[in-house]
Amino acid sequence: MKTANFKRRLFGIAPLLLAMAIAVAGCQSDDPAHPMSTMAPRSDLANWCYGLFMEVTAWDLLILVIVVIAFILAVFFFSTRVGEAGPPTSVSSDLGLEVAWTLGPALILLMISIPTVRLIFRTQPRAAVANELPITVIAHQWWWEFRYDDGSNVFTANELHLPANRPIRLKLISADVIHSFWVPRLGGKRDVVPGQENQINLIANVPGEYFGQCAEFCGLSHANMRFRIFVDAPADFASWEQIQATPGAAPADGTAASRGAQIFADSPCTTCHTINGVSKGYIGPDLTHLASRKTIASGILRNDSKHLTEWIEHPGEMKPGAEMPNFALGGDQLNDLVAYLESLK
Ligand code: CUA
């Protein structure tokens with residue numbers, strides 16, 4: 001009777017266990033629908049974090065199994081029903097049990113803390129290595145500035161290109177408040193703190209596009225502070241960097257883009273944005289090669305004429321709190337300016 005009851009209850013929780021297993025399996029995928037899964041690591045750093053997560057989860061599972069078995073034994077095999085037995089006897093102490101439940105948790109904590117502390121030290125800034133690519137990452141409310149410190153004089157925003165299989169050193173600094181640099185599949189997160197330089201060292205293994213996100217609440221548009229990392233094959237990275245390092249060609253005379261260039265040069269835009277050879281603003285992103293980027297407005301909008309137009313018309317509505325003002329350009333002026341921005345390849 002007791003055994004039948006037990007089996008029925010066990011089958012009762014089986015669907016729940018199955019659903020949990022499927023949910024966990026769904027986390028580990030290359031599915032483009034989950035571009036920010038930490039369960040599909042693509043760098044040495046992300047692999048270490050993933051390995052630690054699996055190791056700790058294995059210990060947690062062991063604890064879960066022990067607790068569940070103890071629970072099932074207590075409920076179904078060592079319990080008594082009303083009227084089945086006399087009153088329980090009291091035991092004032094049991095040395096064996098007390099030693100066991102002190103040593104057991106201490107051992108488990110040790111097994112979890114040893115690999116955790118080891119990984120914390122392993123991910124700290126290491127001495128410069130050969131062929132390392134140093135990049136300064138500056139977090140702003142609410143966008144990311146990237147400066148390549150390899151002598152190439154390349155500045156970009158919100159889209160970081162990295163060569164695959166080369167050691168990268170990211171120096172993280174903040175222009176205003178505390179942010180956090182996080183690219184789930186390449187590792188992180190690490191806080192970006194005003195007045196302090198933090199670092200992330202990593203080697204990205206697999207070319208591809210990776211999504212990043214500020215992971216520390218930093219104001220109104222914190223959730224709009226996104227970015228992308230493109231890991232390129234070394235030859236692709238070299239040609240990308242070469243293009244970025246040279247000023248773009250001025251648009252041909254008489255085109256909409258050339259009229260737009262004049263509008264830009266005469267506008268207050270120049271006080272905030274740099275275009276190599278045109279302006280030297282530094283408050284907003286460098287626009288020298290804006291058209292080579294996939295997104296605008298810190299990764300929240302696709303970089304096409306429709307979104308560029310909307311962004312220039314209503315920056316505060318697209319990204320609440322954005323410092324970029326609306327200069328009330330319209331009609332042909334706006335179209336020409338957008339044509340110019342789209343020519344900045
Ligand atoms: Cu920057 Cu949140």
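Entry 1: helix H8. I looked up the buried residues of H8 and found Leu 334, Asp 336, Leu 337, Val 338, Tyr 340 and Leu 341. I take buried as under 20% relative accessible area, exposed as over 50% and partly exposed as in between, with a 1.4 Å probe and protein chains only. The model is predicted, so I required pLDDT of at least 70 for local features and 80 or more for side-chain atom pairs, while totals for chains, interfaces and linings use all residues. Residues are numbered from 1 along each chain as its sequence is written, and side-chain values use heavy atoms, with hydrogens and water left out.

I noted that helices (H or I, at least four residues) and strands (E, at least two) are DSSP runs numbered from the N terminus. The buried residues of H8 pack against helix H5 (256-266), strand S11 (274-275) and H6; contact means heavy atoms within 4.5 Å. I then checked the length of H8: its 13 residues should span 18 Å at 1.5 Å a residue, and the end C-alpha atoms are 19 Å apart, which agrees. The expected span is 1.5 Å times one less than the number of residues.

Entry 2: the second largest pocket. I recorded about 650 Å³ of space in the second largest pocket. On a 1 Å grid over the protein atoms alone, a pocket is an open set of points with protein on both sides within 12 Å along at least five of seven lines, and a cavity is a set where a 1.4 Å probe fits but cannot get out; lining residues have an atom within 4 Å of a point. Grid points are joined across faces, edges and corners, and a volume is the space filled by probe spheres set on the points.

The lining of this pocket has 35 residues, and His 273, Gly 284, Pro 285, Trp 311 and Met 324 lie nearest the centre. Strand S13 (295-296), helix H6 (305-313) and helix H8 (331-343) each supply at least two lining residues, and H6 gives the largest share, three residues. By class I found 23 nonpolar, eight polar and four charged residues. Here Ala, Val, Leu, Ile, Met, Phe, Trp, Tyr, Cys and Pro count as nonpolar, Asp, Glu, Lys and Arg as charged, and the others, Gly among them, as polar.

Entry 3: the cavity. I found one cavity of 30 Å³ or more, and the largest cavity holds about 40 Å³ of space. Its lining consists of Thr 156, Glu 159, His 161, Trp 240, Gln 244, His 289, Ser 292 and Arg 293. The lining divides into one nonpolar, five polar and two charged residues.

Entry 4: aromatic pairs. I looked up the aromatic pairs and found eight in the structure. Rings of Phe, Tyr and Trp (its six-membered ring) pair if their centres lie within 6.5 Å; planes under 30 degrees apart count as stacked, over 60 as edge-to-face and the rest as tilted. Trp 144 and Phe 181 form an edge-to-face pair, 5.6 Å centre to centre with 85 degrees between the planes. This pair links distant parts of the chain, with Trp 144 in strand S2 (residues 143-148) and Phe 181 in strand S6 (residues 179-183), 37 residues apart. Trp 144 is buried at a relative accessible area of 0%, and Phe 181 is buried at 1%.
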